[in-house]
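Visitor: I would like to learn how to read the inside of a protein model. Could you walk me through one?

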Amino acid sequence: MLLVSTVVVAWPPQANGGWEDVTSQIFPPGMSPVRPSALVDWNGDQFIDMVVIGNGVGSAQSNVFSVYEWQDGNHSFVLAYQSPPLSVVGSNPAVADAISNVVVGDFNRNGRNDVVVLTASGTLWVLHGSSQSITQVNSSMLPPVVDGTISGTLPQLSAINVFGRCALPDLVLTTTTGSLYVLRNTLGDTAATCDFIGGEQLSFEPILIDQNVEPLSVLTADVSGMCNAQLLYGVSSGASGLVTYRLYNDGMAASTDLFSVPSYAGTPIAVDVNADGATDFAFPFCTSTDAACQSGLSGYSALLFVNNAVGGATCGEYDCCAGFISSYPNVPVGSGDQGAGFSVVSLSSLSGGSCPGLSTFPRTLSTNGPLSMPHVVRFGDYNRDSYADFLSATNIGPAILTRTNGGAFPPSFDCSIISTSAAGNSNRLIPFYFDIEEDGRLDIIIMDTAPTTNDGIGLYSVWNGLSMHEDYFLTAVVLNGVNVNAATAANPAPAGVGFPATAATQVGAVHRFQWQDIDTNLRTQEFTQQGASQSHSLQNPRVHFGLGRTFSYIQNYASGIHFSTVAPGTSASSTALSYTWSSSYLIPNSQVVVIPYPLTNPSAWLIKLFLSSSKYITLLIISLATALAVIGVPIVILKYREMQEDNAEMKRHA
């Protein structure tokens with residue numbers, strides 16, 4: 001079923017053809033440095049908020065986390081929650097326990113997002129969204145997380161729907177010794193229904209998945225077009241110098257090896273590089289065997305390689321989740337700039353133009369400081385031309401690599417530096433995409449990982465003021481379909497949560513759809529929602545798609561969720577629940593909201609369309625008035641003539 005609503009967006013500065021520094025407008029004055037770690041709709045107002053390490057007040061603190069809510073009324077971030085200082089359990093006097101990771105999700109299906117925090121000592125804490133209280137996860141549910149003999153290494157945590165029980169997010173934990181565990185969310189084992197579970201006592205079962213795992217390699221992606229995102233991770237093969245990425249198959253069969261990359265490839269991201277509907281991957285990378293590059297001090301390029309989908313990755317006539325056979329290349333150690341199915345984008349080819357002196361990406365940043373973070377080459381279609389543009393820290397400041405040759409492979413990029421009120425530009429300025437006003441424009445927030453007393457607050461923001469009137473977009477989100485009407489007096493729903501629970505998004509949901517570009521070519525897009533959460537990935541819980549210039553509706557929109565009704569290791573493994581709205585033609589420049597309820601009956605899922613601008617309302621009124629004028633006036637004239645003829649006829653017979 002398709003419902004249409006409207007959302008009118010106000011405030012944003014007038015488009016000036018470029019990027020506008022709005023730091024002073026959206027961040028509190030005098031805000032001290034913090035480290036953004038996760039993006040979430042914390043209060044259910046359909047605007048994205050930030051979970052940060054630190055509190056923005058006083059000196060930087062590595063053992064405190066806070067929630068900054070976006071308030072649309074005054075168009076700024078406001079401190080909404082601050083945790084107590086976290087200490088090493090049992091320490092006396094208290095010893096500060098630095099935060100390693102922050103992940104978010106509705107871990108008990110009650111319609112409110114929760115925040116799970118992993119500390120350097122291996123302790124898990126949960127901030128419950130329903131009560132705003134913080135509790136420690138029972139240590140008996142955790143494996144040995146930290147080996148004290150390993151220095152300079154922190155455990156890593158991700159929120160991924162691995163086993164699919166009631167589509168609950170599980171926790172994926174990489175220990176300091178390289179052991180990969182899934183902390184299986186067991187709340188779905190005893191739930192009478194998946195509609196609503198509730199309660200604040202989270203329960204996990206640790207399951208060892210693999211060993212010798214690269215700590216920053218964990219993510220989830222749909223690599224075969226079946227709308228079924230699964231756990232993906234990299235295993236070091238030691239002497240060969242390669243890391244092999246594996247797809248976990250729910251414990252029912254051996255994990256599938258997908259591809260191998262040299263060990264000096266950085267943290268991966270899943271991205272559709274050539275916009276063909278198939279998941280590709282990108283890494284910070286080295287083009288040679290340079291010692292500084294391989295040791296992690298810097299990277300000189302980005303490695304991009306594609307999914308050569310056998311038979312193509314387009315949708316079926318009525319099913320956009322029919323799937324295809326994926327095929328990835330392997331990248332040998334010491335490889336050059338080009339190979340079968342992969343491309344190394346060297347910064348030397350981008351050093352001219354507006355990026356003079358550009359020579360390095362920071363391949364890996366320290367994870368030990370309160371404000372530092374591992375480096376991720378982020379992506380997003382900021383100019384809405386339907387092709388991914390890469391956003392990265394570089395040696396001369398935050399840079400955008402803009403795709404210039406469409407879907408051709410190998411890809412080519414232009415480079416531009418994003419300037420802010422930060423004092424100086426360097427690789428300490430780490431950018432990430434953020435839609436400030438939820439208006440379909442990808443803006444940028446920049447974190448200063450090493451601010452000094454003269455650098456200001458340590459967080460900066462630039463608003464996307466580019467003129468994109470002819471380039472369309474689509475934003476989309478799959479909620480988790482919680483029905484608070486299934487709550488009971490003994491297990492009540494959180495205050496303020498209705499149906500649908502608009503804050504609770506589905507971790508790992510897959511989006512796929514088709515449209516025709518300006519040249520009438522049938523195009524396919526896909527993305528896994530919240531597919532990466534480790535190492536402060538800062539993925540937006542709402543997905544942004546650029547469509548370029550088009551006169552087309554959105555066709556064959558499909559969503560899929562990894563799901564299982566049985567425990568792992570039994571006769572049936574997890575699969576995907578999915579549905580394709582083949583007869584619903586969605587309008588571009590709008591937001592799609594999928595409500596998967598009832599969860600186990602995809603044909604009954606609801607899809608809503610929100611028009612994101614009042615311009616559509618004006619256009620609809622003009623179109624209606626024009627239609628009435630064109631059709632209505634002749635009808636009135638004909639009716640008037642008919643009445644005249646009737647009157648004349650009556651007079652003749654009088």
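**Reading the spaces and the packing**

Guide: The domain bounds come from an automatic or database domain assignment. This is a predicted model, in which local features need pLDDT of at least 70, side-chain atom pairs count only at pLDDT 80 or more, and totals for chains, interfaces and linings use all residues. Residues are numbered from 1 along each chain as its sequence is written, and side-chain values use heavy atoms, with hydrogens and water left out.

Visitor: How is a cavity found?

Guide: Rolling a probe the size of a water molecule over the atoms shows where empty space is left. On a 1 Å grid over the protein atoms alone, a cavity is a set of points where a 1.4 Å probe fits but cannot get out, and lining residues have an atom within 4 Å of a point. Points are joined across faces, edges and corners, and the volume is the space filled by probe spheres set on them. Here, the search of the whole structure gives 8 cavities of 30 Å³ or more.

Visitor: What is the volume of the second largest cavity, and which residues are closest to its centre?

Guide: Its volume is about 130 Å³. Of its 15 lining residues, Ala38, Val104, Ala532, Ser533 and Gln539 are the closest to the centre. Strands are DSSP runs of E, at least two residues, numbered from the N terminus; strand S3 (35–40) and strand S7 (99–105) each supply at least two residues of this lining. For residue classes, Ala, Val, Leu, Ile, Met, Phe, Trp, Tyr, Cys and Pro count as nonpolar, Asp, Glu, Lys and Arg as charged, and the others, Gly among them, as polar. This lining has 9 nonpolar, 6 polar and no charged residues.

Visitor: And where does the largest cavity lie?

Guide: The largest cavity also has lining residues from both domain 1 (22–473) and domain 2 (474–616), so it lies between them. The volume of the largest cavity is about 540 Å³. Its lining has 34 residues, and those closest to the centre are Phe379, Gly380, Phe527, Gln539 and His544. S34 gives the most to this lining, with 4 residues. By class, the lining divides into 18 nonpolar, 11 polar and 5 charged residues.

Visitor: How do I read a nonpolar core?

Guide: It is a set of buried Ala, Val, Leu, Ile, Met, Phe, Trp, Tyr and Cys residues joined through side-chain atoms within 4.5 Å. Buried means under 20% relative accessible area, exposed over 50%, and partly exposed in between (1.4 Å probe, protein chains only). In the largest core, with 62 residues, Leu124, Leu171, Phe390, Tyr557 and Val592 touch the most other members. At least three residues come from each of domain 1 (22–473) and domain 2 (474–616). A second, separate core of 23 residues includes Val22, Phe77, Phe432 and Leu459.

Visitor: Gln132 and Cys227 have positive phi. Is each one buried or partly exposed?

Guide: Gln132 has phi of about 60° and is not a glycine; with a relative accessible area of 34%, Gln132 is partly exposed. Cys227 has phi near 60°, and at 0% relative accessibility Cys227 counts as buried.

Terms used
1 Å grid on protein atoms, 1.4 Å probe; cavity = no way out; pocket = protein on both sides within 12 Å on 5 of 7 lines; lining within 4 Å.
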